[in-house]
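Thanks for coming. Please put the sequence and the model up side by side, and we will walk through them.

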Amino acid sequence: MDDLKLHWCSPLDSGQQKATDKYQAGELDFAGIVDFAREADELGVDSLLMGISYHMPDPLPMIGALVRETERVKFILAYRPGLLSPTLFTQIVNTVSWMSDGRIALNLVAGISPAEQAFYGDFLAHDQRYARSEEFLDVCHRFWRGETPLTYKGEHYTIEEAQLGLGYKGGGRPHIYISGASAVAQKTAIDYADCWLRYGDTPEGIAAVTEPLLSQGCKVGIRMHVLARETRAEALAAVEEMMRDPDEQHRAWVSDFVGKSDSEAVKTSFRLAEAASDDWLSPMLWSGAVAYRGGPALCVVGSYAEVAEYLYAYKAAGVSEFIFSGWPTRDEMRIFYTHVAPLIREHERNAAAGS
């Protein structure tokens with residue numbers, strides 16, 4: 001098997017020092033984000049996820065700037081079909097591929113909140129949004145296959161004699177992720193993507209749902225958090241400190257947001273957290289921050305060696321990629337790629353030598 005891809009999430013909302021802090025909206029520390037991306041480049045981060053939400057800066061112009069400030073790290077653009085026409089979107093992605101020497105991937109998300117979708121004038125229901133995503137991706141794939149001029153007539157998009165002068169650099173197309181836990185999200189991933197991206201669970205929980213994806217050639221990735229320290233005692237102490245003086249108003253806001261969400265991925269993560277024993281889904285997987293941070297906040301906690309071994313166990317469950325975050329995210333990124341990632345690579349080398 002190939003080595004696990006180890007990505008990180010860029011702090012477009014300026015980041016939080018603790019899992020229980022409210023979002024730092026209303027400002028953009030662009031110089032800090034550039035510095036963050038440069039360090040990710042130096043640390044060997046595979047890719048940086050550039051998230052999308054109304055409370056964050058738009059990731060498209062950010063990626064356009066950051067590819068010129070870095071050399072190796074890739075950027076995963078999270079974007080929602082429905083915001084731009086597929087022709088314009090393909091044109092933008094192709095342009096960035098030339099600016100970055102192909103260092104762009106796509107995470108297409110159908111949206112998790114009808115209320116937030118309405119901010120942008122989008123009133124489609126959950127399954128309709130995925131149907132639109134399939135049409136959107138169908139058009140993009142046709143452009144990347146060189147179908148031109150392109151005429152397309154669907155329920156959501158109609159395009160006549162479309163042409164793009166600039167193709168994707170080197171031919172081909174970007175690596176594509178589809179997020180979501182619903183059956184329709186999995187179908188969209190199988191039909192149009194390279195990797196199905198979902199929120200975390202135990203390795204056993206992940207293994208129970210990966211086979212239909214893997215059998216049809218679609219890879220599986222997980223979006224989650226990590227907290228690693230030299231010893232387990234230090235890691236548990238960091239968790240305890242993180243939960244000191246939590247922002248309960250923010251927790252209430254998240255609860256209200258989740259109550260209005262139509263995302264199966266979000267609801268599944270909260271169901272897992274609610275069923276956890278004293279906030280632990282397993283001795284290594286902590287759910288205590290989900291109430292403050294949502295689905296991505298399921299967190300692998302332990303010593304460097306424990307975290308590396310536990311993450312490596314996901315490989316046997318069919319996982320090939322991770323997108324991580326941490327608190328504070330830059331400190332945890334540095335810890336992870338300095339102390340944990342080398343141990344994961346050691347597990348992979350030992351497995352290859354024994355095969």
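Predicted model: local features only at pLDDT ≥ 70, side-chain atom pairs only at ≥ 80, totals over all residues.

The protein chain contains 13 helices and twelve strands. Its C-alpha trace spans about 65 × 50 × 45 Å along the principal axes. Of the 355 residues, 54% are buried. Now take the contacts between residues at least 6 apart in sequence: 73% of them join residues at least 24 apart.

Next, helix 1, which runs over residues 30-43. It has 14 residues, and from its first C-alpha to its last it reaches 20 Å, close to the 20 Å expected at 1.5 Å a residue. Which residues of helix 1 are buried? They are Ile33, Val34, Phe36, Ala37, Glu39, Ala40 and Asp41. You will notice that Glu39 and Asp41 are in that list. The buried residues of helix 1 pack against two strands and two helices: strand 1 (5-9), strand 2 (47-50), helix 2 (59-66) and helix 13 (329-354). Just after helix 1 comes Gly44, with a positive phi of about 90°.

Strand 2 is one of those neighbours, and Ser47 is found in it. Is Ser47 buried or exposed? Its relative accessibility is 4%, and the cut-off for buried is under 20%, so Ser47 counts as buried. The side chain of Ser47 makes a polar contact of 3.2 Å with the side chain of His7. Apart from neighbours within four places in sequence, Ser47 touches Leu6, His7, Trp8, Val73, Lys74 and Ile76.

Now helix 10, residues 264-275. Its twelve residues should span 16 Å at 1.5 Å a residue, and its end C-alpha atoms are 16 Å apart, which agrees. At the start of this helix, a side-chain oxygen of Ser263 comes to within 3.3 Å of the backbone nitrogen of Ala265. The buried residues of helix 10 are Ala265, Val266, Ser269, Phe270, Leu272 and Ala273. Why do we say they lie on the same side of helix 10? Because they cover an arc of only 155° around the axis. On the face turned away from that buried side, helix 10 carries the exposed residues Glu274 and Ala275. As for what covers the buried residues of helix 10, it includes strand 8 (195-199), helix 9 (248-259) and helix 11 (290-293).

Last, the cysteines. A disulfide is a covalent bond between the sulfur atoms of two cysteines. How many disulfides does the structure hold? It holds zero. Take Cys218: the nearest cysteine sulfur belongs to Cys195 and is 6.3 Å away, and Cys218 is in no disulfide. The cut-off for a disulfide is a pair of sulfur atoms within 2.5 Å. Cys218 has 2% relative accessibility, so it counts as buried. Cys299 is in no disulfide either, and its nearest cysteine sulfur, that of Cys9, is 14 Å away. Cys299 is buried too, with a relative accessible area of 0%.

That is the end of my part.

Key:
Residues numbered from 1 in each chain as written. Heavy atoms only, no water. Buried < 20%, exposed > 50% of the residue type's maximum accessible area, 1.4 Å probe, protein only. Helix = DSSP H or I, 4+ residues; strand = E, 2+ residues; numbered from the N terminus. Expected span 1.5 Å × (residues − 1). Arc of directions from axis to C-beta. Contact = heavy atoms within 4.5 Å. Polar contact = N/O pair within 3.5 Å; in protein donor to acceptor, adjacent residues only side chain to side chain.
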